[in-house]
Structure formats: C-alpha cells, structure tokens
Amino acid sequence: MEISVLPRIQAASVFPRMWPGKDRAHYLRLDLSEAITASPESVRSALETLLDSTRFSSYPDETALYPRLSEYVGVPPAQLLLTNGSDHAIQIVLRAFLDRGQRLQVMDPSFPIYAHVARTLGVPVRRVPLADDLSFDMAGYKREITPDTQLLILVNPNNPTGTAVPEEDIETIVFEFPHIPVMVDEAYFEYSGVSALDLLPEAPNLIILRSFSKAFGLAGLRLGYIVAAPGLIEHLSKLRLPFDINAFAIAAAKAHLSNLSHMREYVREIREVSKPLLEAFLAKSKIHYYPSAANFLLLKLKDRDAVVDHLCASGILVAPQRHPAIADTLRVGLAPEPEMMRFIRAMIDRPGART
Ligand SMILES: Cc1ncc(COP(=O)(O)O)c(C=O)c1O
C-alpha cells in the first residue's frame, strides 16, 4: 500500500539550497548577510568550556539565558520565547495563527521562508508589491487586507531589498487592525537601530522576531527569539519543544549578552566604515543601489549574471535575486573593511567595468 503524506505537504517543495555542490567555507561569504568575523574571546572560551566538559551529553537548559536576554531587549522574561533561529520563530508564529481558508499577507519581494512555511500549511499568501523604488507601499498594503487575512508580516528592514518600513506605517497597521496579528521581523534590528518594541505595551496583536544570526555572528549555532505580550508567548510556547535550543547556542548567547562591546563595535564598523566605503564606490562606478538599513546592499546591474560568475570565480559569493521585480539585482553583504575592499577590487576587475 502506498503511504501518502497530506496533499498540502505533497504540493510544497523542499526549500532549495543556495549553492548546491559548493563548499561556502572556501569563499568570502557575502551572500547570506552573516557577520564576517571571528567571535569574541569570551564566546569562544564559553564554547571551549562546554567542549571540555561532559555538559553537552546532557539535555540543554536555556533558563539562565532568559534574564540576560530580558535585560538586553528591555522586556520581562515572560515576553520572550527563544527559538532555533528566527526561521523556527516564523514556523511557530505561522502555525499558531494560520489554518485553511485563512490568508497570510506579506510584502513582495521579501524573505521567502514565510511563503514556504505557508505552503506547507496549505495557506494562501497575498503578496503586496513594493513600490517601484522598492519602498514600502502603505496604501497598497492596507488596501489588500480582507476579512480572511489572518496574519500580517512586515519586515523591517526588508530582506532582500534592505529598505526600511517607516515606523509610523508599522504603528498605523498595528493599531488600525487590532484583530489581526502583525509579525514584525527585525532580524537586522542591531543594524537599523529601529524597533516596534515601544508599541508592545499598547499592542497585544504585535509579535516581534529577532535573530542572533546577523549582528551577533551566531548563524551556525541557530538562535532567535520572539517578543510579544505574555499571554501570546504562553500560547506560542506550546509550539516549541523542550530541547529545541542547543547547549552551544545558549552558552554563546550568554557570553555575548554579558559583554555587548564586540557586537556593538562590529555593527559600528559596518555602518560607519564599510557601508559608506561601498556606497562611495558604487556611486563613482554609476552602479545603482537601493537605500539599506541592514548589513547588505541590493545592487542593480545590466550584466548581473556575468558579475555574479566573475565574483564567484574570484572567490566571492553574493546573492543573485530571482524574483521578477528585481531580476537584475544582486544582494551583497557588508563586511569589515579588508573584505569590503576585496569585493570592490573584484568589481573593478569585472568584465566590462573599465570600458
Ligand atoms: C528577514 C529575515 N528573517 C529571518 C531570517 C532567518 O534568520 P535566522 O533563522 O538565521 O535567525 C533571515 C535570514 O536571512 C532574514 O533575512
């Protein structure tokens, strides 16, 4: 007898890997907006202590991380839920709110994981295009909200465009639609410095997602978190399992949060040195880029694929975009000055650049 999974799972597809067959470790990785730096000594020594002990043969205990995270975020621990990366947080939130017949609304283009998870839940996605300049189209976004809209997602700053959603637009949406949960994805919060957090005391429908993958440089350890009203966190906790967060992620995050200076200095360097450096080069080279509040820039190029191939042959990975609205673009992560200069030099050497 044939074993069949649910039709909605059959209809979904496996999320594609970005560089099948390539070992990213051998490249300068500017493709996934990770931090391009070694972890601080305190984080490495916390991980080494764990390696040298028998502690990782026991199940992990994340309890002690909550008070530190609470202090960092500025909300009580009851308003926080740790997740295995913010991808996991996305799964939790979508599973909590969406059922058949209901609709998810996203900005478009945006982070593809939302639509991927929605597909596995059999839930339709309403994609609201960004404006031509890739800024957030508030009027269009509000116009598309209908009675079957069960979850709104705002990404600030947005990936892959880097563009910011104006704070007042987020506020308007959260308060004008108090019956609809609004998930604000702030994976790049440390770079933008902008958060919807201040709205939380007045907005029981607001859910904020954050990540340790970007500014904290822990993408490989998988850690994210949800911030929301305590009652909501309690419900969302039911969709988590007791040992979802591994011991190494807990140890590394505790070490990071006891001394934020390394993360803050990295973010400062990216914002104040690398970003102006790359922007100046792009302006001089007459390469169009979109204003970004994140640690990456979206570049528009006539010969995009040739540039991506050339960069790859030079040992540099960037993220060519497939979405039809931005099919001539690539996303490049901002990195410390030496790596940024390596990217700039490769761009100067690209075919056709000197003609
Ligand atoms: C907007 C956004 N949300 C969430 C994520 C997922 O991050 P992670 O699962 O590594 O925390 C990313 C990763 O690129 C992202 O760009």
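The structure is a predicted model, so to speak, with some ground rules: local features need pLDDT of at least 70, side-chain atom pairs count only at pLDDT 80 or more, and totals for chains, interfaces and linings use all residues. Residue numbers start from 1 along each chain as its sequence is written.

Start with the overall layout. Domain 1 puts 29 residues into the contact and domain 2 puts in 27 residues, where two residues are in contact if their C-beta atoms, placed from the backbone, lie within 7 Å. On the side of domain 1 that touches domain 2, the elements giving two or more residues are helix H1 (7-11), helix H11 (261-284) and strand E10 (296-300). Helices (H or I, at least four residues) and strands (E, at least two) are DSSP runs, numbered from the N terminus. H11 supplies the largest share of that side, five residues. Sorted by class, the side of domain 1 that touches domain 2 holds 19 nonpolar, six polar and four charged residues. The classes work like this: Ala, Val, Leu, Ile, Met, Phe, Trp, Tyr, Cys and Pro are nonpolar, Asp, Glu, Lys and Arg are charged, and the others, Gly among them, are polar.

Next comes the seven-stranded sheet. Its strands form an open sheet in the order E2-E8-E7-E6-E5-E3-E4, with mixed pairing; two strands pair if DSSP finds at least two bridges between them. Strand E2 (80-83) and strand E4 (125-129) sit at the edges with a single partner strand each, so one side of each has no neighbour in the sheet. On average, neighbouring strands of this sheet are turned by 20° against each other, direction ignored. Axes here are lines fitted to C-alpha atoms, for helices over the stretch in contact, and angles run from 0 to 180 degrees between N-to-C directions. E2 pairs with strand E8 (residues 224-227) in the antiparallel sense, over four bridges, and Leu 82 stands opposite Tyr 225 in E8. Helix H3 (residues 65-73) lies across E2 and E8, at about 115° to E2. Helix H5 (residues 113-121) also packs on the sheet, where it touches strand E3 (103-108), E4 and strand E5 (149-155), and its direction makes about 160° with that of E3.

A second open sheet has four strands in the order E9-E10-E13-E12, and the pairing is antiparallel. Here E9 and strand E12 (319-320) take the edges, each with a single partner strand, so one side of each is left without a neighbour in the sheet. E9 and E10 run antiparallel and are joined by two bridges; His 288 has Lys 300 in E10 as its bridge partner.

Now for the ligand. It is surrounded by 13 residues, and the closest are Gly 85, Ser 86, Asn 159, Ser 211 and Ser 213; a residue is near a molecule or strand if its C-beta atom, placed from the backbone, lies within 6 Å of it. Helix H4 (residues 85-97) gives the most to this shell, with three residues. By class, the shell around the ligand divides into four nonpolar, seven polar and two charged residues.

Most residues other than glycine have a negative phi, and most peptide bonds are trans. Asp 108 and Pro 109 are joined by a cis peptide bond with omega of about 5°, and Pro 109 is found in the loop between E3 and H5. Another cis peptide bond joins Asn 156 and Pro 157, with omega of about -5°; Pro 157 is found in the loop between E5 and helix H7 (167-176). Leu 134, not a glycine, has a positive phi of about 70° and is found in the loop between E4 and helix H6 (138-143). Leu 134 counts as buried because it has 22 C-beta neighbours inside 10 Å. The cut-offs are 20 or more other C-beta atoms within 10 Å for buried, 12 or fewer for exposed, and partly exposed in between, with C-beta atoms placed from the backbone. Lys 286 also has a positive phi, about 55°, although it is not a glycine, and is found in the loop between H11 and strand E9 (288-289). With 6 other C-beta atoms within 10 Å, Lys 286 is exposed.
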